[in-house]
Amino acid sequence: MAAADTHPDSPLPELLKRVGFQRRRRGFGSATQLLWNRVESDASLLALCRIRTDLTAEDTAILEQCQEKLEAARWCLDKPMGRWSFSFWELIHEVDGLLLLVMPPHLLAPRALEIQQQFERRVTDGARAQLWLGADKASGPLPRCVRGLARVDGPGSAAAPPPLDAEQGRYCRSVLRGALDTVNQQVDKTFWQLSINVSLQVFSTLLLLAVFVASFLLLSRELLQTWPRDLVPRGLLLIAFAGASGAILSNMLSKERFVVATGATGRFFAYHLMVKPIIGAFAALMLLFLEQSRMLLSVDTRAGATRVDASSAVLHIVVSDDQAVFFTLVALAVVAGWSADKLLGSIMDKVLSRLLGQSEKVLPPSSPSGATPPRAPTSATR
């Protein structure tokens, strides 16, 4: 081996000068490297498809579209600030589907088997799975096309199926593309749900830190000495902050299966980062008002536990001094803020589902012409 082969200042190969490797060297982590590998894998497959000698005008147009989408995916990956993850994966999925239409047959067979395996594993909707796979998971359009492309024998057959003609091949490639699109939609939906959950947890953490800072600025020794005899505005605000912090903690520790709907993502963030903390603050103040009214709850010191008006409360809590009374009310306010969403959640879920229905423009299925809708059963009166 020549000495020049191991020279430390030798230039990088042209492939390693592209998007992901440079960002990996700057410390962006292994995730960027995996995304770069995915782009370059599709680029390699695209180069193999270009050298086919039987390309039609339609195939050439498809290859040009793939090239444009790969360049756009590289741009999304190489943005200096704020990588567009959703756009990147949407472009990659489109390239994968288009390549199925122009891929050489010997490369299409293993890809078809992989798509069927992913479909069976990831698509959990029974009606959709039966539509593509059939009731026995072997008679649907996807298994039949996979057997035809891979030329493997099906259940009960003794020989491999004959080669597909051009029309059958185009049909099977289109079926594969539709099945792959269904799988990608399921994967993207799960990824979107995970992204929203993680983003809500991060934003909830920042919001909780802001509530902590504001509470520390409002809390003082004079407030503890006069509370709860004097309901000063700072004390009410602290109780409201405690209820809001309970609702924020609920955001951080729960993982919702959000309905992925274009245009409704901002409403999810507004609900969990604004509506839920306000509901928690309202529940905490309501708890404080109930405690002051002595109807359901009473928190007193040992010296004031013998008062006559405290005996009417259903729950009577006795603590050592006024400072303990304040922090007991704060702890109860946090619990009230935590559980307020659980108590009022059914009402808010109905409101959100109606908003989602309007944003997605969901229309009820039309009944067949001449058919009358079924009548609701009526209960017999005695």
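**Charged pairs and cysteines**

Visitor: In this predicted model, what does R38 count as: buried, partly exposed or exposed?
Guide: The relative accessibility of R38 is 27%. Buried requires under 20% and exposed over 50%, so R38 counts as partly exposed.

Visitor: Which residue meets the side chain of R38 in a salt bridge?
Guide: Side chains of opposite charge can pair when their charged atoms come close. The N to O distance is 2.4 Å, and the residue is D96.

Visitor: What separates R111 and E114 in helix 5 (residues 105–122)?
Guide: R111 and E114 form a salt bridge, with 3.3 Å between the closest N and O atoms. R111 is buried at 18% relative accessibility, while E114 is partly exposed at 37%. Because they are three residues apart in the helix, their separation is about one helical turn.

Visitor: Which residue is linked with E40 and E71 in a network of salt bridges?
Guide: The search of the whole structure finds seven salt bridges. The network joins E40 and E71 with R74.

Visitor: How many disulfides does the structure hold?
Guide: C172 is buried at 6% relative accessibility, and its sulfur is 3.3 Å from the closest cysteine sulfur, in C145. A disulfide requires two cysteine sulfur atoms within 2.5 Å, so the sulfurs of C172 and C145 are too far apart for a bond. Across the structure, the number of disulfides is zero.

How values were computed
Residues numbered from 1 in each chain as written. Predicted model: local features only at pLDDT ≥ 70, side-chain atom pairs only at ≥ 80, totals over all residues. Heavy atoms only, no water. Buried < 20%, exposed > 50% of the residue type's maximum accessible area, 1.4 Å probe, protein only. Salt bridge = Lys/Arg side-chain N within 4 Å of Asp/Glu carboxyl O. Helix = DSSP H or I, 4+ residues; strand = E, 2+ residues; numbered from the N terminus.
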